[in-house]
Amino acid sequence: MIGITSLYKTFNKGQPNEMNALNGIDLQINQGEYVVIVGSNGSGKSTLLNMVAGSISPTSGGISIDGTDVTKMADHSRSRWIARVFQNPLSGTAPDLSILDNFRLAALRTQPKGFKIGVNAGFKKQVQEKIALLNMGLENKTHQLMGSLSGGQRQALTLLMSVMDDCRILLLDEPSAALDPRSANVVMQTADKLISDFKLTAILVTHNLKDAYTYGNRIIQMQEGIILHDLNSAQKATLTQNDLFGWFS
């Protein structure tokens with residue numbers, strides 16, 4: 001599904017503040033895997049996620065999706081496969097548009113926009129049914145401006161919006177880090193359900209070791225731009241919380 005080969009990234013090359021963020025990453029992520037990546041600040045986990053997304057180009061190495069070389073492909077061109085949820089809950093929605101209009105734009109994410117932005121009763125019902133799954137009471141407030149909602153509400157809606165159009169890969173960039181504990185729990189549970197229901201391939205970058213232990217079927221630890229641990233589903237099932245905490249002791 002996602003192939004990463006000899007991936008290197010150097011920032012500020014040739015300057016006094018040169019930094020090697022990735023040092024020869026080789027990684028194969030199979031269809032349907034939910035990979036959790038953990039690591040301290042500067043370990044390279046966010047750089048790796050950004051490269052899969054296409055928002056950062058590698059210094060050398062390659063990335064492929066379903067056998068297609070996407071190494072030099074821009075992020076918007078990768079949207080045929082990839083949806084992304086950012087750490088900042090304000091980043092994934094348009095605040096001056098209604099909830100319904102945000103969902104309509106999300107449904108057309110990979111299609112030519114043209115004059116197809118109209119919203120009919122069938123589409124509104126579809127959106128309301130999806131939103132009702134969150135148990136946030138927003139299904140009857142679809143004309144409310146997105147900017148008037150809390151960060152947790154917006155982040156949960158962003159997750160739902162990510163599967164309104166074709167999406168095979170979901171990238172989660174610390175999606176609960178800026179939220180209160182209750183909202184964070186709703187967002188993580190929503191993400192887990194969507195990944196399972198839609199059989200998505202997913203990558204979660206997180207500092208939260210409890211989430212890393214609870215979610216996903218594969219876990220990777222990065223440090224100084226390399227992979228230290230890579231546990232598959234069976235190995236992760238035997239991992240204890242103390243084992244995971246011990247990686248950072």
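## Basis and overall form

In this predicted model, local features need pLDDT of at least 70 and side-chain atom pairs count only at pLDDT 80 or more, while totals for chains, interfaces and linings use all residues. Residues are numbered from 1 along each chain as its sequence is written, and side-chain values use heavy atoms, with hydrogens and water left out.

The secondary structure of the protein chain amounts to eight helices and ten strands, where helices (H or I, at least four residues) and strands (E, at least two) are DSSP runs numbered from the N terminus. For 249 residues a compact globule would have a radius of gyration near 18 Å, and the 19 Å of the protein chain agrees with this; the radius is taken over C-alpha atoms, and the globule rule is 2.2 Å times the number of residues to the power 0.38. Along the principal axes, the C-alpha atoms fill a box of roughly 55 × 40 × 35 Å.

## The four-stranded sheet

Four strands in the order β2-β1-β4-β5 make up an open sheet with antiparallel pairing, two strands being paired if DSSP finds at least two bridges between them. Its edge strands, β2 (19-29) and β5 (68-69), each pair on one side only. Eight bridges join β1 (residues 2-11) to β2 in the antiparallel sense, and within this region Tyr8 has Asn23 of β2 as its bridge partner.

Helix α1 (residues 45-53) packs on this sheet, touching β1, β2 and β4 (60-65), with its direction at about 120° to that of β1. Contact here means heavy atoms within 4.5 Å; axes are lines fitted to C-alpha atoms, for helices over the stretch in contact, and angles run from 0 to 180 degrees between N-to-C directions.

## The six-stranded sheet

A further open sheet has six strands in the order β6-β7-β8-β3-β9-β10, with mixed pairing. β6 and β10 (226-231) are the edge strands, each pairing on one side only, and neighbouring strands of the sheet are turned by 20° against each other on average, direction ignored.

β6 pairs with β7 (residues 169-173) in the parallel sense over four bridges, and the bridge partner of Arg84 in β7 is Leu171. Helix α4 lies across β6 and β7, running at about 180° to β6.

## The largest pocket

The largest pocket has a volume of about 550 Å³. On a 1 Å grid over the protein atoms alone, a pocket is an open set of points where a 1.4 Å probe fits, with protein on both sides within 12 Å along at least five of seven lines, and lining residues have an atom within 4 Å of a point. Grid points are joined across faces, edges and corners, and the volume is the space filled by probe spheres set on the points.

Of the 21 lining residues, Ala83, Arg84, Phe86, Gly92 and Arg109 lie nearest the centre. β6 (82-85), α2 (99-107) and α4 (151-162) each supply at least two residues of the lining, which divides into eight nonpolar, nine polar and four charged residues. Ala, Val, Leu, Ile, Met, Phe, Trp, Tyr, Cys and Pro count as nonpolar, Asp, Glu, Lys and Arg as charged, and the others, Gly among them, as polar.

## The second largest pocket

About 220 Å³ of space lies in the second largest pocket, whose lining includes Lys130, Asn135, Leu160, Val186 and Phe198. Helix α5 (residues 181-197) gives the most to this lining, with six residues, and the lining as a whole comprises six nonpolar, three polar and three charged residues.
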